[in-house]
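Trainee: Could you take me through one part of this model in detail, starting with whatever packs around it? I'd be glad if you then placed it in its wider surroundings.

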Amino acid sequence: MEPLSHYFVLSITLLGIGLYGLTTKRNAIRLLFSIEVILNGANLNFVAFGRYMNPPTVSGQVIAMFSIALAAAEAAIGLAIILVMFRLLGSVDVRRASRLKG
Amino acid sequence: MVEPVFFAVATITVISAVAALEAREIVYGALALGVMFISVAGLFILLDASYLAMFQIGVYVGAVVVLILFTVILVKREELIAPEAETGGKLRSFIALTLALIVGSVATVIGTGAFKPVEVYPYSIADVGLNLLNNYGFGFIVLALVLASALIGALTLAKMERGES
């Protein structure tokens, strides 16, 4: 079987890609993509550790299931906010959404 | 020792994750994100979590990607074609990436050598369901409430008129 470290390195790579997207992109939809990439990396970690425990456990899968459902809720809310933002500002550039800035 | 199946699926995952963020048109980015979700589902199958893989495809590819595509269609088209201006955050993001990789490699070297997996995973779908309802039943109910309120909130936001904000 594949050593655990390979899954770990893959999920840390997904985290890095997501952080890169979060810091460099201005399009709100791309920011949502980055968050989804990070969440997928985290889910992969949960499942991999659940499988590689000795004795193995199913809790990793269950927690990943919770995380997937919450990510779906987050995507629905986020996209609704993006639609409202587009209606109000005529743009999905997060730099222009500065009305609440102090 | 890297198994070829894992290597192939992992490569597709990383490439499509980068493509989702870097594709010139955001529609192609959304499709690349769908490919990434499917390949993560493939990794779940490699980890003997086949039900979770189905769940991932159903929720992410079936719901989230479709939702994103609808949003992209509703948001005006010129906005999407115009190339995104960079924020000048390249240095910050490079630092974040490097830090994540260093921490990850160190943790991998220190921590994961102790894990000796069993060859045959002894649990089936039934055990996943039993564990979900026996040990995480309260969380399951709270999750249902969160999902319901999130959907009501999303509908309210989407229905909001221009003057109401």
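**Around α1(B)**

Mentor: Happy to! The buried residues of α1(B) are covered by elements that include α1 and α2 of chain A as well as α2 of chain B. Helices here are DSSP runs of H or I with at least four residues, strands are runs of E with at least two, and both are numbered from the N terminus. Buried means under 20% relative accessible area, exposed over 50% and partly exposed in between, with a 1.4 Å probe and protein chains only. Contact means heavy atoms within 4.5 Å.

Before going on, a word on the source: this is a predicted model, where local features need pLDDT of at least 70, side-chain atom pairs count only at pLDDT 80 or more, and totals for chains, interfaces and linings use all residues. Residues are numbered from 1 along each chain as its sequence is written, chains are lettered from A and ligands numbered from 1 in the order in which they are written, and side-chain values use heavy atoms, leaving out hydrogens and water.

Now to the helix itself. The buried residues of α1(B) are Phe6(B), Val9(B), Ala10(B), Thr13(B), Ser16(B), Ala17(B), Ala20(B) and Leu21(B). Viewed down the axis, they fall within an arc of 135°, so they line one face of the helix; the arc is taken from the directions between the helix axis and the C-beta atoms. An α-helix has 3.6 residues a turn, so residues three or four places apart point the same way. On the face turned away from the buried side, α1(B) carries the exposed residues Pro4(B), Phe7(B) and Ile15(B).

What about length? The expected span of a helix is 1.5 Å times one less than its number of residues. For the 19 residues of α1(B) that gives 27 Å, and the end C-alpha atoms are 27 Å apart, which agrees. For α2(B), one of the covering elements, 21 residues should span 30 Å, and its end C-alpha atoms are 30 Å apart. After α2(B) comes Asp48(B), whose phi is positive, near 65°.

Stepping back to the interface, 74 residues from chain A and 86 residues from chain B take part in the contact. Together the chains bury about 7600 Å², with 73% of it on carbon and sulfur atoms; buried area is the accessible area (1.4 Å probe) that two parts lose on being put together, summed over both. Arg30(A), Phe33(A) and Arg51(A) supply 9% of what chain A buries against chain B, more than any other three residues.

Finally, chain B as a whole has 7 helices and 0 strands, and 31% of its 165 residues are buried.
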